[in-house]
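Here are my notes on the model, point by point. Please read them with the structure open.

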Amino acid sequence: MLFICNYISELKLVSKPHQIKLQRSLRHQKYGKLYLLCSTLVHDGQLDFEEFVHYLQDHEKDLKLVFKSLDRKIAGQVNANVIVNSLRDLGVHISLQQAERVLQSMDKNGTMTVDWIEWKKSPTLQPAENIPEIILYWKHSTIFDVGENMMVPDEFTSEEHMTGMLWRHLVAGGGAGAVSRTCTAPLDRLKVLMQVHGSHGNNMCIMSGLTQMIKEGGMRSLWRGNGINVIKIAPESALKFMAYEQIKRLMGSSQETLGITERFVAGSLAGVIAQSTIYPMEVLKTRLALRKTSQYKGISDCAKQILKGEGMTAFYKGYVPNMLGIIPYAGIDLAVYETLKNTWLQRYGTDDAYPGVFVLLACGTVSSTCGQLASYPLALVRTRMQAQAAVEGASQVSMTGLFKQIMKTEGPTGLYRGLTPNFLKVIPAVSISYVVYEHIKTTLGVQSR
């Protein structure tokens with residue numbers, strides 16, 4: 001949308017670095033439109049007259065199409081209400097007074113309406129369609145899968161809902177998560193073993209843990225529990241997204257883009273709903289990861305044995321610490337991500353508003369790591385509660401009882417057993433997830449931001 005640049009620049013609706021970028025573009029436009037044309041169009045370092053004319057013709061066609069899309073009543077002019085509604089469709093909410101300020105910068109005859117001639121003459125030569133693209137680039141940057149799917153869901157525009165681009169993003173994210181989890185499954189299983197069996201008496205390290213797994217069940221044993229871990233991606237992601245959208249409506253938010261506090265509340269509640277629904281699969285994953293050779297024939301056999309021997313309640317052991325862990329994880333992950341994003345934009349966003357792959361990887365990795373670090377003690381207690389019946393001689397202890405027991409026998413470090421393999425898998429998981437995500441997006445016809 002070519003017109004959005006002037007509106008956002010005028011109303012200061014974006015962060016300061018983006019305002020600087022817009023102002024710089026407008027200055028270039030005022031003093032050197034030819035420079036903008038060259039930097040936008042030229043690929044071979046030269047601009048001939050034919051390319052110049054071709055660009056101007058295409059540019060005027062684009063302007064005409066935009067004007068017609070705004071002038072829905074075919075009145076031949078655009079007013080403040082049209083601007084308000086058009087920006088609302090992009091997820092930017094402004095008042096009527098702010099829209100009138102925009103009109104004043106374009107209106108030459110004082111009628112507070114803009115016709116085609118005034119619209120065509122307004123300074124919009126820079127490729128301003130990049131502004132909403134920049135916003136969406138950040139909004140769709142949380143696809144990185146580190147095995148703990150407790151992140152706040154992405155937000156999608158109404159256009160992406162209607163075109164089906166939403167489900168393509170979700171499918172791409174699910175496929176990327178499946179590949180990354182499979183590639184890092186040995187480290188994930190090692191983490192579970194260290195959480196459950198690690199103690200002062202059994203100080204399991206990475207090498208001894210991997211050796212023990214291979215010795216007990218061969219190389220294939222490194223992937224125990226991975227099947228159910230991959231299967232639960234689809235229902236968990238779909239449930240979380242649908243719950244997130246419904247909670248946004250119940251909160252009475254008419255905006256497509258929520259503030260950080262609203263996102264935290266909606267995301268946490270959506271996580272609770274999704275986790276409550278698929279939690280039995282979490283228990284199955286832990287039991288399958290801890291199983292001995294030939295103990296279970298598969299996922300269904302494991303479920304039958306648990307149901308027969310322990311009852312239905314066994315599928316919800318560790319449920320309370322798991323739910324409590326969602327709050328610090330989602331809150332810290334979101335807060336750190338937003339802080340890192342804004343810091344980058346303030347320091348480096350003046351030259352290029354697009355963050356780039358490495359910036360996104362760094363922000364996603366650091367924020368997710370901080371979230372895991374804060375919620376890890378609760379995750380460890382959850383895993384031990386899930387595994388109580390599977391560990392010989394283990395007593396049935398409550399959440400608070402387990403915390404006290406760990407603090408008494410192992411100290412504070414006991415709450416972080418298995419943290420090393422958990423962190424070791426973050427960078428490869430994020431990297432693999434990103435690469436696969438981009439490939440699947442290309443296959444599905446989703447344009448990269």
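1. A term to start with. Buried means under 20% relative accessible area, exposed means over 50%, and partly exposed lies in between (1.4 Å probe, protein chains only). Arg-287 counts as buried because its relative accessibility is 2%.

2. Ground rules. This is a predicted model, so local features need pLDDT of at least 70 and side-chain atom pairs count only at pLDDT 80 or more, while totals for chains, interfaces and linings use all residues. Residues are numbered from 1 along each chain as its sequence is written, and side-chain values use heavy atoms, with hydrogens and water left out.

3. Salt bridges. The structure holds twelve of them. The criterion is a side-chain nitrogen of Lys or Arg within 4 Å of a carboxyl oxygen of Asp or Glu. Side chains of opposite charge can pair when their charged atoms come close.

4. Glu-310 and Arg-287. These two form a salt bridge, with the closest N and O atoms 2.8 Å apart. The pair links distant parts of the chain: Glu-310 is in helix 16 (residues 299-310), Arg-287 is in helix 15, and 23 residues separate them. Helices here are DSSP runs (H or I, at least four residues), numbered from the N terminus. Glu-310 counts as partly exposed because its relative accessibility is 28%.

5. Asp-188 and Lys-425. Their salt bridge brings the closest N and O atoms to 2.7 Å. This pair also links distant parts of the chain, 237 residues apart. Asp-188 sits in helix 11 (residues 185-197), and Lys-425 in the loop between helix 20 (419-424) and helix 21 (426-444). Both Asp-188 and Lys-425 are buried.

6. Arg-224 and Glu-216. Here the closest N and O atoms of the salt bridge are 2.9 Å apart. Is Arg-224 buried or exposed? Arg-224 counts as buried because its relative accessibility is 9%. Glu-216 is at 32% and therefore counts as partly exposed.

7. Helix packing. Helix 15 (residues 260-290) and helix 17 (residues 319-348) pack at an angle of about 145 degrees, with their axes 9 Å apart. Contact means heavy atoms within 4.5 Å. Helix 15 contributes residues including Phe-264, Gly-271, Val-272 and Tyr-279. Among the helix 17 partners are Met-323, Ile-327, Gly-331 and Leu-334. For the angle, axes are lines fitted to C-alpha atoms over the stretch in contact, and angles run from 0 to 180 degrees between N-to-C directions.

8. Thr-383. This residue lies in helix 18 (residues 357-387). Thr-383 is buried because its relative accessible area is 2%. Which residues does Thr-383 touch, not counting those up to four places away in sequence? They are Val-192, Gln-195, Val-196 and Thr-286.

9. Tyr-437. Look in helix 21 for this one. Tyr-437 counts as buried because its relative accessibility is 2%. Tyr-437 and Gly-177 are 260 residues apart in sequence, yet 8.4 Å apart in space, C-alpha to C-alpha.

10. Surface patch. Ile-214, Met-219 and Trp-223 make a nonpolar surface patch of about 290 Å². Patches are made of residues with over 30% relative accessible area and no salt bridge; like charges are joined within 9 Å, and nonpolar side chains (Val, Leu, Ile, Met, Phe, Trp, Tyr) within 5 Å. Accessible areas come from the Shrake-Rupley method with a 1.4 Å probe; for residues, only the protein chains shown count as cover. Ile-214 belongs to helix 12 (residues 206-217). At 35% relative accessibility, Ile-214 counts as partly exposed.

Notes:
Helices (H or I, at least four residues) and strands (E, at least two) are DSSP runs, numbered from the N terminus.
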